[in-house]
Amino acid sequence: MSYPSPHTTYQQPVQQVPGEGTVLAGRGLVKFYGEVVGLAGVDVAVRAGEALAVMGPSGNGKTTLLHVLAGILSPDQGEVWLGGDRVDQLNDAARTVLRRRRLGFVFQDNQLLAELPADENVALPLMVDGVSRRDAIGRARAVLAQVGLANEVNRRPGELSGGQAQRVAIARALVGEPQAVFADEPTGALDAATGAQVIDLLVGAATHRGAAVVVVTHDDAVAARCHRVVRIVDGRVSDR
Ligand SMILES: Nc1ncnc2c1ncn2[C@@H]1O[C@H](COP(=O)(O)OP(=O)(O)OP(=O)(O)O)[C@@H](O)[C@H]1O
């Protein structure tokens with residue numbers, strides 16, 4: 001396949017707020033790592049309450065797309081919209097605040113803090129954002145109950161099963177009422193049955209709240225539990 005060069009200029013779309021119902025959108029996204037192509041011009045839009053699975057061969061740009069949409073990486077070209085806001089035009093500090101206040105993240109290896117009980121792990125992002133400890137713990141316990149962990153709020157990650165720990169991570173991603181939730185291989189460390197439960201919970205709980213969900217996965221069974229699938233091949237959306 002022929003890769004574009006980092007110096008190729010792509011046609012810039014007219015700046016326009018995405019259509020009604022679209023919470024998260026990327027337009028004309030291009031990202032290079034030096035001379036290596038990460039994304040070669042991707043358009044994607046996710047509606048409120050919609051879960052999008054991102055699939056495709058290894059090393060073809062899935063994680064790069066997730067990181068660009070989530071404001072972790074800046075695109076070299078193109079636009080990222082969250083609600084009516086251009087994420088890619090924010091400076092680093094503003095993007096950090098946006099990620100904390102308006103986005104949620106679930107990773108393959110839950111990334112919980114081992115020394116904290118489940119409720120404090122979930123409450124932490126709220127407390128970092130200035131919510132009082134009492135309120136944050138109350139909200140955390142309410143979300144933990146919604147993911148079926150009402151009886152496990154005092155357990156540390158080491159005292160939880162892999163599926164339970166991932167449910168704590170989902171609660172942590174949802175506690176701030178994010179507009180979009182990003183998950184990179186969220187079931188990669190789980191057996192098939194537990195993975196199916198976890199993805200159903202993630203998609204159900206997030207979309208019930210009206211969040212857009214983006215799930216990077218290699219697993220057809222996981223993708224089948226999302227509303228829509230996009231394949232990324234050679235840094236582009238593919239219909240292959
Ligand atoms: N930090 C980086 N520095 C240099 N190259 C990178 C970096 N991150 C990704 N790449 C390259 O960009 C391309 C896309 O990588 P990306 O991680 O987005 O793929 P992926 O589809 O998520 O892969 P996988 O399924 O293996 O996780 C690959 O060629 C990869 O080697």
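This is a predicted model: local features need pLDDT of at least 70, side-chain atom pairs count only at pLDDT 80 or more; totals for chains, interfaces and linings use all residues.
1. Residue numbers run from 1 along each chain as its sequence is written.

2. Look at the sheet. Its 4 strands make an open, antiparallel sheet in the order E2-E1-E4-E5 (strands are DSSP runs of at least two residues, helices H or I runs of at least four, all numbered from the N terminus; two strands pair if DSSP finds at least two bridges between them). E2 (36–47) and E5 (85–86) are the edge strands, each pairing on one side only. E4 (residues 77–82) is joined to E5 by 2 bridges, and Leu82 sits opposite Asp85 in E5.

3. Now the ligand. Residues around the ligand (C-beta, placed from the backbone, within 6 Å) include Tyr33, Val36, Lys62, Thr63 and Thr64. Which element gives the most to this shell? H1 does, with 3 residues. The shell divides into 2 nonpolar, 8 polar and 1 charged (Ala, Val, Leu, Ile, Met, Phe, Trp, Tyr, Cys and Pro count as nonpolar, Asp, Glu, Lys and Arg as charged, and the others, Gly among them, as polar).

4. Finally, H6 (residues 192–208). Its 17 residues reach 24 Å from first C-alpha to last, close to the 24 Å expected (1.5 Å times one less than the number of residues). Val198 and Leu202 are among its buried residues (20 or more other C-beta atoms, placed from the backbone, within 10 Å of its own). Just after H6, Gly210 has a positive phi of about 85°.

Methods:
A residue is buried if 20 or more other C-beta atoms lie within 10 Å of its own, exposed if 12 or fewer, and partly exposed in between; C-beta atoms are placed from the backbone.
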